[in-house]
Amino acid sequence: MDMSSIGKNIRKKRLAKSWKQDVLAGKAEVTTSYIGMIERGEKVPKLETLVRIINVLGATSDEILEGVINRGYEVRMSEYMERIGKLPKEEQNRIFDVLDVMLGHKSN
């Protein structure tokens with residue numbers, strides 16, 4: 001099981017907030033070097049620390065564990081659907097047309 005995706009997902013959420021590692025570390029009550037080790041996949045945080053990091057980031061466990069848990073693809077699909085839902089209808093239809101072609105289905 002590749003646990004390095006936990007760190008990558010934490011980094012992705014941290015960067016989405018435009019936080020430096022020291023900001024996340026301070027809020028999660030850990031050292032900056034520890035956050036760096038987690039993000040590089042060198043360390044896997046204890047459950048208590050992971051929960052603190054997830055809460056500080058305002059993330060869900062599914063988002064952080066995507067790539068580790070077997071149902072991670074559902075998280076990605078829900079993120080895609082949320083992003084697509086924010087697009088104008090014309091752009092949504094173009095995306096669905098591409099998906100139809102890629103999946104070998106014809107839309108009516």
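Visitor: Which helices do the buried residues of helix 3 pack against?

Guide: In this predicted model, local features need pLDDT of at least 70 and side-chain atom pairs count only at pLDDT 80 or more, whereas totals for chains, interfaces and linings use all residues. Residues are numbered from 1 along each chain as its sequence is written, and side-chain values use heavy atoms, with hydrogens and water left out. In helix 3 (residues 32–39), Tyr34, Ile35, Gly36, Ile38 and Glu39 are buried, where buried means under 20% relative accessible area, exposed over 50% and partly exposed in between, with a 1.4 Å probe and protein chains only. Helices here are DSSP runs of H or I with at least four residues, numbered from the N terminus, and through contacts (heavy atoms within 4.5 Å) these buried residues pack against helix 1, helix 2 (21–28) and helix 4 (47–57).

Visitor: Which backbone oxygen does the side chain of Asn9 reach, and at what distance?

Guide: Asn9 is found in helix 1 (residues 4–16) and counts as buried because its relative accessible area is 13%. Beyond its neighbours within four places in sequence, Asn9 is in contact with Glu63, Ile64, Leu65 and Glu66. Its side chain reaches the backbone oxygen of Glu63 at 3.4 Å.

Visitor: At what distance does the side chain of Arg14 reach the backbone oxygen of Trp19?

Guide: Arg14 also lies in helix 1 and counts as buried because its relative accessibility is 5%. Not counting residues up to four places away in sequence, Arg14 touches Trp19, Lys20, Gln21, Leu24, Glu39 and Leu57. The side chain of Arg14 reaches the backbone oxygen of Trp19 at 2.7 Å.

Visitor: Is Val98 buried or partly exposed?

Guide: Val98 lies in helix 7 (residues 89–103). Because its relative accessible area is 46%, Val98 falls into the class called partly exposed.

Notes
Helix = DSSP H or I, 4+ residues; strand = E, 2+ residues; numbered from the N terminus. Polar contact = N/O pair within 3.5 Å; in protein donor to acceptor, adjacent residues only side chain to side chain.
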